[in-house]
Amino acid sequence: MAAVQETVDKVKTLDVDAYKYGFTTDIESDKAPKGLNEDIVRFISAKKNEPEWLTDWRLDAFRRWQTMAEPKWARVHYPPIDYQDLYYYSAPKTAEGPKSLDEVDPELLRTYEKLGIPLREQEILAGVQADPNARRVAVDAVFDSVSVATTFKAELAKAGVIFCPISEAVRTHPELVKKYLGSVVPVTDNYFATLNSAVYSDGSFVYVPPGVRCPMELSTYFRINERNTGQFERTLIIADKGSYVSYLEGCTAPQRDENQLHAAVVELIALDDAEIKYSTVQNWYPGDSQGKGGIYNFVTKRGDCRGDRSKISWTQVETGSAITWKYPSCILRGDSSRGEFYSIAISNGYQQVDSGTKMLHLGANTSSRVISKGISAGHSQNTYRGQISAHRKARNARNFTNCDSLLIGNSCGAHTVPYIEAKNSSAVFEHEATTSKISDDQLFYCMQRGLSAEEATALIVNGFVRDVLQQLPMEFAVEAQKLIAISLEGSVG
Amino acid sequence: MLEIENLHVSVAGKKILDGLSLKVADGEVAAIMGPNGSGKSTLSYVVAGRPDYEVSEGSIKLDGVDLAEKSPAERAALGLFLVFQYPLEIPGVTTMTFLKAAINAQRKARGEDELATPDFMKKVREAAKRLNIPQDMLKRPVNFGFSGGEKKRMEILQMALLEPKFGILDEMDSGLDIDALRVCAEGVNALRSKERGLLVITHYQRLLDYITPDTVHVMHKGRIVKSGGPELALELEKSGYADYAEEAA
Ligand SMILES: Nc1ncnc2c1ncn2[C@@H]1O[C@H](COP(=O)(O)OP(=O)(O)OP(=O)(O)O)[C@@H](O)[C@H]1O
Ligand SMILES: [Mg+2]
């Protein structure tokens, strides 16, 4: 498997503290003053030229947020966050939103080049002509608070697919945004989601019309650049009846000594017979080997299988962030709908991961599947938290959960917290969990065959996560494999 | 050539090898026999560089290179291969992936090009066929759920593919049925060559009926207490280790 070799090569070229994406970009930015109050919320709304209903919606969220308290039930520890000491809006300084890529600051384009994200359609198209089999990916890139470029718009429009910054969708497709925004994650859902509702600045919007199979993968790359800036993006994806879309999300951030806050909300809606596949490779900066710096990642992701026979599948590879608080979930509302959650969560150094999923079975004959692979190394703590529940009307609900933890070394921890609740006696929920350790004997066996300790660890870990990696689109799987090796660096020896 | 001189080794504070010396020349097949717990596996691990063994005295050289400071991977790249008495399982990693990673890691360490996938596949298939290993076993995770005999066959396959300069076979015969023993022994015999030395650890003459050794050494309480030709193994078969127990005591 070439990818393993690549992983191995990658590991060799890196030092322990070498987070690959840790550069910053010198771009003049347009910022709102520090702190949070109604004026800031209005400022953001005005920056985006939002209609009044949305400004009010934000203000309502802000007022609610002020009455709420940060959740404390997760197994993560961090000093109190001073929400008044953050910037809530930062945009690269171009007078208006860029109309074409030529108007985008070349410095910004170079940033994305460094990240390996192709934004220039022409180049991608040129690549496509050279290799007709190469898969194309339409990209929306979000830099701090704004979306800077969306590629392949024209071609997607031909298929009737809308893929644009959500700030643009508010203007061009207000009826869709109004109908679906906050319909899966209500404004008051939780502290971080409510904060996001008040101050979200941009994100991606996708609408796939009835019966349309989206002609290419859609992808958003999120990048936090500015110091002391929170990133609050908002993603809304609607798959209308009988449609299909696969969406990829990638994240990186510069290496900074202070912690940065990221509180995103993602809402997915699948109508009758529609399918959404949502994949994430989260590689926010995890902090250095001493636990200094890194992103606080408090994310609310939820999919609503609103239609009968609809399907939503979450696949996530979580390697970054100092703290991860994230539970991509499915509401299985439609009869015979299906939810899936495939997760690889890796923690090293002093990272803390509290992640998992919720599968809420509301409709009859709904089914769900959860495969979680947690890998803990260094001094990290890795918790899987999962909730599976069947409503009274959820006849014949089915869930299968498999939750495996792998420990590397003696200073880390793995925890599994399942909540299972069935209010319908015909529900069948299966839960399997294992905890294992990479044994010295396994490592020695591999090393006797010529692999270094790092290569051996990468190989064993890749074996451990194999069934989840197989769920990722090909390009992402390769990237994920590399990431896994990089994140585990310094965990052996 | 493997040269071990006056080797003293302890594990967890317990002395296991106690001044062991042994030389195996290029092209030589040496057999080691000895009672349970005499330190045979320990010897093989120490030569392969397994951590947590404290070498307080003595030296191990492969083709004149002192192995003391070499990592297990470096020793492997120098051409050392160990058939494990208890091969390890690696869930999720297919045997093919594992073999390819191992071969290419060693080639790279030696400054050679990686093997192209088609060449590699061909090589593996042919070697597997010679050892009666079904192809679908190669798609299964390394040793995972394999029977004892299957694991041993897989060890021999790995040795055949890695073409080591020196092979240590720790009880390759345990767990093998009569036919598999013959097939594996033939596999080992095919690897005998003027350049390659082999150290065969076994309890039974029946393995040495297939793989005729040039020399036989008796190990007891962490040292070699007697050396001779193939006839020594036959003697042991009859009289056991009782004589040596007295001598060593
Ligand atoms: N980690 C350890 N801690 C304590 N004692 C150990 C350890 N490893 C090996 N030993 C002891 O060292 C001695 C030699 O063990 P070794 O496995 O080398 O014997 P062997 O000759 O290979 O035996 P067998 O024929 O049963 O395979 C045994 O008494 C064993 O219990
Ligand atoms: Mg033994």
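How far does H11(A) reach from its first C-alpha to its last, and what is expected at 1.5 Å a residue? H11(A) has twelve residues and reaches 16 Å, close to the 16 Å expected; the expected span is 1.5 Å times one less than the number of residues. Helices here (H or I, at least four residues) and strands (E, at least two) are DSSP runs, numbered from the N terminus.

Some housekeeping. This is a predicted model, where local features need pLDDT of at least 70 and side-chain atom pairs count only at pLDDT 80 or more, while totals for chains, interfaces and linings use all residues. Residues are numbered from 1 along each chain as its sequence is written, chains are lettered from A and ligands numbered from 1 in the order in which they are written, and side-chain values use heavy atoms, with hydrogens and water left out.

Back to H11(A). Is this helix mostly covered or mostly uncovered? Mostly covered: ten of its twelve residues are buried. Buried means under 20% relative accessible area, exposed over 50%, and partly exposed in between (1.4 Å probe, protein chains only). Among the buried residues of H11(A) are A:Glu455, A:Leu459, A:Asn462 and A:Phe464.

Now the interface. On contact (heavy atoms within 4.5 Å), 22 residues of chain A meet 35 residues of chain B. The two chains bury about 2,300 Å² between them, with 63% of it on carbon and sulfur atoms. Buried area is the accessible area (1.4 Å probe) that two parts lose on being put together, summed over both. Of the area that chain A buries against chain B, A:Phe444, A:Tyr445 and A:Arg449 supply 34%, more than any other three residues.

Between the chains there are twelve residue pairs in polar contact, both at pLDDT 80 or more. A polar contact is a pair of N or O atoms within 3.5 Å; within protein, one must be able to donate a hydrogen and the other to accept it, and residues adjacent in sequence count only if both atoms are side-chain atoms. Helices H1 (2–12), H10 (440–448) and H11 (453–464) of chain A each supply at least two residues of the side that touches chain B. H10(A) gives the most, with seven residues.

Next, salt bridges, meaning a side-chain nitrogen of Lys or Arg within 4 Å of a carboxyl oxygen of Asp or Glu. The count over all chains is 35, and two cross the interface of chain A and chain B. B:Arg50 and A:Asp441 meet in a salt bridge at 3.5 Å, N to O.

Within chain A, A:Lys373 pairs with A:Asp404, their closest N and O atoms 2.9 Å apart. A:Lys373 is in strand S19 (residues 367–376) and A:Asp404 in strand S21 (residues 398–407), so the pair ties together parts 31 residues apart in sequence. A:Lys373 is buried at 5% relative accessible area, and A:Asp404 is buried at 10%.

A:Asp60 and A:Arg64 form another salt bridge, at 3.7 Å. Both lie in helix H3 (residues 52–66) of chain A, four residues apart, about one turn of the helix. A:Asp60 is partly exposed at 33%, as is A:Arg64 at 40%.

Last, a network of salt bridges links A:Glu38, A:Asp39, A:Arg42 and A:Arg63.
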